[in-house]
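Let's take a friendly walk through this protein together. Have the sequence and the 3D view ready, and follow along one stop at a time.

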Amino acid sequence: MITVEQIDRWLAAREDERIEFKEAKGSYSFEDLTFYCAAIANEGGGHIVLGVTGKFPRRVVGSQAFRDLPATVHRLLQKVQLRVEAYEIAHPDGRVVVFRIPGRHPGTPVAVDGRYLMRAGESLTAMTSDMLRRILDETVPDF
């Protein structure tokens, strides 16, 4: 469960491979959400937080994105093949939407529309062939 206190702790945290903050006051692209879900899953899992500014000092601004969270979670399952959890937090400064993304299964990179994505600082990029090979080799016996 995600609480207001957890959101407040995240406000002071730095963005990294496992957490992404998006202002998303009015809306947010479902396609971008799927890309971030895949990249974060490939990094071991984490969170996407909507309704929070991305730059320091970070603050809650509220978000109207994804008003029907059960439908969004269903669409994510179909598109990304991951059981993403979604939470709506009534923060005193506005509605915050948090997506909890599980890590990928061992030896199985996550792709969206045939693209394997990973984080590169605050951006997304195509997974390097070295990274893809390391993931695929995770389940190969080491003789």
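Start with strand S6, residues 115-120, which pairs with S7 in the antiparallel sense over four bridges. If you look along this pairing, you will find Leu-117 standing opposite Ala-126 in S7. Keep in mind as you explore that this is a predicted model. The two strands belong to an open sheet of three strands, in the order S5-S6-S7, with antiparallel pairing. At its edges are strand S5 (111-112) and strand S7 (123-126), each of which pairs on one side only.

Now let's turn to the nonpolar cores. The largest one has 26 residues, and those with the most contacts inside it include Leu-33, Phe-66 and Phe-99. Helix H2 (30-42), S2, helix H3 (69-80) and strand S4 (94-101) are the elements that give two or more residues to this core. H2 gives the most, with nine residues.

Our last stop is His-47, in strand S2 (residues 46-50). Is His-47 buried or exposed? It counts as buried, because its relative accessibility is 16% and buried means under 20%. Leaving aside neighbours within four places in sequence, the residues in contact with His-47 include Trp-10, Ile-19, Phe-99 and Arg-100. With Arg-100, the side chain of His-47 also makes a polar contact of 3.3 Å.

Technical notes
Residues numbered from 1 in each chain as written. Predicted model: local features only at pLDDT ≥ 70, side-chain atom pairs only at ≥ 80, totals over all residues. Heavy atoms only, no water. Buried < 20%, exposed > 50% of the residue type's maximum accessible area, 1.4 Å probe, protein only. Polar contact = N/O pair within 3.5 Å; in protein donor to acceptor, adjacent residues only side chain to side chain. Contact = heavy atoms within 4.5 Å. Core = buried A, V, L, I, M, F, W, Y, C linked by side-chain atoms within 4.5 Å. Pairing = 2+ DSSP bridges.
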